[in-house]
Amino acid sequence: MRFEATQTKGFSENLNQTNTNNYIKLFPTAYVTYVPNENNTFSLNYSRRIRRPGFDYLNPFVIKTSPYYYSEGNPYLKPSIIDNFEFSFIRNQKWVNSVYFSQVSDFGQELSIIDYVTNVTRSTPLNYADTYQIGFSTSYNFNKWSWWNSFTGFNLNHQNVKSKTDFINSIEGYNGYIYTNNDFTINHTKTLFLGLNYGLQLPGRYQIFNISTLHILDVSVKVLTLNKKLAFTIVGEDLLNAQKPLISYQSNGIKTNAKSYSDTRGFRISLSYKFGNQKIQSKQSNFGNEEERNRAN
């Protein structure tokens, strides 16, 4: 059980306005695991998390980029509370199946609200909905052969968005994606390696947005020389340059289509060398509270 008390205070000089928040939240976490034998594991877990808005979302300062578009923050934006339930079945430590349910209260996101009379668009973050998601995921780690290790999975979920504002309608739909990560050992001396990773986002719905198909392909080659002390690696990222989804949604009764383009294709080359005696290994301590330590960092 985690207990958090939050106090915030923000002052807008141009509006001569001070906004404060003061709230207390409890965040329980529970895990139950049942292991009937060495081949099967069942687990059930529940957790509650919080997603606080960033400073740029809270700042009420108005930025005008054209006569027909401006953006502003929302000092009254509340944090989102996330409740997660998950039931998992693991077979032979290789095949993982999960059924999950997630609820987000006061989901907050930046929306573009169009005034159909003036054609002026106001972009501002709002706690516009409570969202519900139920889904199934499965993944399998294939390592039957020493020269090939593969981790492949599929995720399918149904999302229901219950609107809390007149600007957005309540809506629901499906979302799914497939991925496979593969590592190949090319030769018997284990000095040449090939990596092949592919992910496919199926057309579907994320929150209020309809998103078209997008996919990504990464390829890497690694070579070890000089008694495996010198490593040369070249990585090709997003080789298909396919991060160009078509995104559509409705706001204030007006449909908006946006073509998103993120140029992430590129290449990385790295060279590393290991010095010293490779038989000496350092001891790593486990403090038992890694999750809380990572949150603090």
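A salt bridge is taken here as a side-chain nitrogen of Lys or Arg within 4 Å of a carboxyl oxygen of Asp or Glu, and a search of the whole structure on this basis finds eight salt bridges. The structure is a predicted model, in which local features need pLDDT of at least 70 and side-chain atom pairs count only at pLDDT 80 or more, whereas totals for chains, interfaces and linings use all residues. Residues are numbered from 1 along each chain as its sequence is written, and side-chain values use heavy atoms, with hydrogens and water left out.

Among the salt bridges is the pair Asp 106 and Lys 164, whose closest N and O atoms are 2.4 Å apart. This pair links distant parts of the chain, since Asp 106 belongs to strand S8 and Lys 164 to the loop between S10 and strand S11 (171-185), 58 residues apart; helices (H or I, at least four residues) and strands (E, at least two) are DSSP runs, numbered from the N terminus. Lys 164 also meets Asp 130 in a salt bridge, with an N to O distance of 3.8 Å. Because Asp 130 lies in strand S9 and Lys 164 in the loop between S10 and S11, this second pair ties together parts that are 34 residues apart in sequence. A network of salt bridges links Lys 78, Asp 106, Asp 130 and Lys 164. With buried meaning under 20% relative accessible area, exposed over 50% and partly exposed in between (1.4 Å probe, protein chains only), Asp 106 counts as buried at 16% relative accessibility, while Lys 164 counts as partly exposed at 44%. Elsewhere, the side chains of Glu 4 and Arg 2 meet in a salt bridge of 2.8 Å, N to O, and both Glu 4 and Arg 2 are buried.

Strand S9 (residues 121-145) pairs with several other strands, two strands being counted as paired if DSSP finds at least two bridges between them. Strand S8 (residues 95-114) runs antiparallel to S9 and is joined to S9 by 18 bridges, with Val 96 standing opposite Ser 139. These two strands form a hairpin with six residues between them, and Asn 119 in the turn has a positive phi of about 65 degrees. Strand S10 (residues 148-163) is likewise antiparallel to S9, through 15 bridges, and Ser 163 in S10 is the bridge partner of Ala 129; S9 and S10 form a hairpin with two residues between them. Strand S6 (residues 69-72), by contrast, runs parallel to S9 and is joined to S9 by three bridges, with Tyr 69 opposite Thr 121.

The largest pocket has a volume of about 230 Å³, the volume being the space filled by probe spheres set on grid points that are joined across faces, edges and corners. A pocket is an open set of points on a 1 Å grid over the protein atoms alone, where a 1.4 Å probe fits, with protein on both sides within 12 Å along at least five of seven lines; lining residues have an atom within 4 Å of a point. Of the 13 residues that line the largest pocket, Lys 9, Gly 10, Phe 11, Phe 55 and Leu 58 are the closest to its centre. Strand S1 (2-12), strand S2 (17-27) and helix H1 (55-58) each supply at least two residues of this lining, and S1 gives the most, with five residues.
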